[in-house]
Number of protein chains: 2
Amino acid sequence: MSIESQQEDNKEQVNHEKYMKIALQLAQKACQQDEVPIGALIVYDGKIIGEGYNQRNMQKNPLAHAEIQAIHQASKYIGDWRLEDCQMYITLEPCPMCAGAIVQARIPQVIIGADNPKAGCAGSILNLLQEPHFNHQVEIIRGVLKEESSLVLKNFFKQLRKS
Amino acid sequence: MSIESQQEDNKEQVNHEKYMKIALQLAQKACQQDEVPIGALIVYDGKIIGEGYNQRNMQKNPLAHAEIQAIHQASKYIGDWRLEDCQMYITLEPCPMCAGAIVQARIPQVIIGADNPKAGCAGSILNLLQEPHFNHQVEIIRGVLKEESSLVLKNFFKQLRKS
């Protein structure tokens, strides 16, 4: 690998961590409201155009996942149902609904923090993001701030068991 | 089969057709607005508590599928993210996003009109509604007013090709 392409890779990694940190701050907002702490954001041309955190209990709405809210905001910003030039950052591997929504929105790249071995649909249980039968496949980058993303969930459930 | 249980079955079939007809009327609303005609409704205790039709282009929103709107309305009515005692009627087999949303909402029974061989996630491509790894499985009744449900889509695409 040339020095230039290595520098480019390092720069990309730094960028991924920068945005994942913001997604983790969104997850913390969920935590403060006693929701399972998951955060998501969507970046377009270096700008955050959609963000969300899990609010399922608070909104009493099964659709109120972090990813769905971020997609809703981003498509309002773009003015289209296609989010074709965007990246999405998620602190946890998406559930089937959110993975399906990412495919519907034609998001080309998703960056994931922690894996979700119980319901993850970006490779853990199924891989809806790269299902060859669908008309869109998503590039997946996983394990960005993996430890921090896992820890925020672990701490939440530890606290929940205590109380 | 006893006469009583046969009568019960016939009554259920009549009910399914009654609600599917209403879902088809919702699909027609989509059609009138140049949207792919798909309709959905949710029934609780004999009452329609959520309905929707595809508005993806009009709303410029990848989430604006019939099922998502019906679930949104129904959870507002019930005041909970769990739609545990509801039935959902859909004129077309759900996409991965909508199948995932049905699982998230813990809907116990889904009645489907036409199959979707290109992206259907209730058995055609995948079966997200009955994936044993997830924490909820859905009873599927398919083929209710199948011909009518297919026809409304076929006519839409035929018209689209003409224009």
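Predicted model: local features only at pLDDT ≥ 70, side-chain atom pairs only at ≥ 80, totals over all residues.
Residues are numbered from 1 along each chain as its sequence is written, chains are lettered from A and ligands numbered from 1 in the order in which they are written, and side-chain values use heavy atoms, with hydrogens and water left out.

Helix α1 of chain A covers residues 3-32, where helices (H or I, at least four residues) and strands (E, at least two) are DSSP runs numbered from the N terminus. Its 30 residues extend 44 Å between the first and last C-alpha atoms, close to the 44 Å expected at 1.5 Å a residue; the expected span is 1.5 Å times one less than the number of residues. The buried positions of α1(A) are A:His16, A:Tyr19, A:Met20, A:Ala23, A:Leu24, A:Leu26, A:Ala27 and A:Ala30. Here, buried denotes a relative accessible area under 20%, exposed over 50% and partly exposed in between, with a 1.4 Å probe and protein chains only. The cover over these residues includes the chain A strands β1 (39-44), β2 (47-53), β3 (86-92), β4 (109-114) and β5 (139-142), together with α5 (146-162). After α1(A) comes A:Asp34, with a positive phi near 60 degrees.

The axes of α1(A) and α5(A) come within 10 Å and cross at roughly 5 degrees. This crossing makes α1(A) roughly parallel to α5(A). Axes are lines fitted to C-alpha atoms, for helices over the stretch in contact, with angles from 0 to 180 degrees between N-to-C directions; angles under 35 degrees count as roughly parallel, over 145 as roughly antiparallel, 65 to 115 as roughly perpendicular and the rest as oblique. On the α1(A) side, A:Met20, A:Leu24, A:Gln28 and A:Cys31 meet A:Glu148, A:Ser149, A:Val152 and A:Phe156 of α5(A), contact being defined by heavy atoms within 4.5 Å. By class, the residues of this contact comprise 5 nonpolar, 2 polar and 1 charged. Ala, Val, Leu, Ile, Met, Phe, Trp, Tyr, Cys and Pro count as nonpolar, Asp, Glu, Lys and Arg as charged, and the others, Gly among them, as polar.

The largest nonpolar core has 104 residues, of which A:Ile42, A:Ile71, A:Met88, B:Ile42, B:Ile71 and B:Met88 touch the most other members. Such a core is a set of buried Ala, Val, Leu, Ile, Met, Phe, Trp, Tyr and Cys residues joined through side-chain atoms within 4.5 Å. When neighbours within four places in sequence are set aside, the contacts of B:Met88 include B:Ile42 and B:Ile71, as well as B:Glu67, B:Ala70, B:Ile102 and B:Val110.

Helix α3 of chain B (residues 66-78) has 13 residues and should span 18 Å at 1.5 Å a residue, which agrees with the 18 Å between its end C-alpha atoms. Buried in α3(B) are B:Ala66, B:Glu67, B:Ile68, B:Gln69, B:Ala70, B:Ile71, B:Ala74 and B:Ser75. These residues pack against β1 (39-44), β2 (47-53), α2 (56-59), β3 (86-92) and α4 (96-104) of chain B. B:Gly79, which follows α3(B), has a positive phi near 75 degrees.

Most residues other than glycine have a negative phi. B:Asn135 belongs to the loop between β4 (109-114) and β5 (139-142) of chain B and is exposed, at 59%.

B:Gln33 is located in the loop between α1 (3-32) and β1 of chain B and is partly exposed, with a relative accessible area of 32%. Not counting residues up to four places away in sequence, B:Gln33 touches B:Tyr53 and B:Met58. In helix α5 of chain B, B:Phe157 is partly exposed at 33% relative accessibility, and its C-alpha atom is 8.1 Å from that of B:Val36, 121 residues away in sequence.
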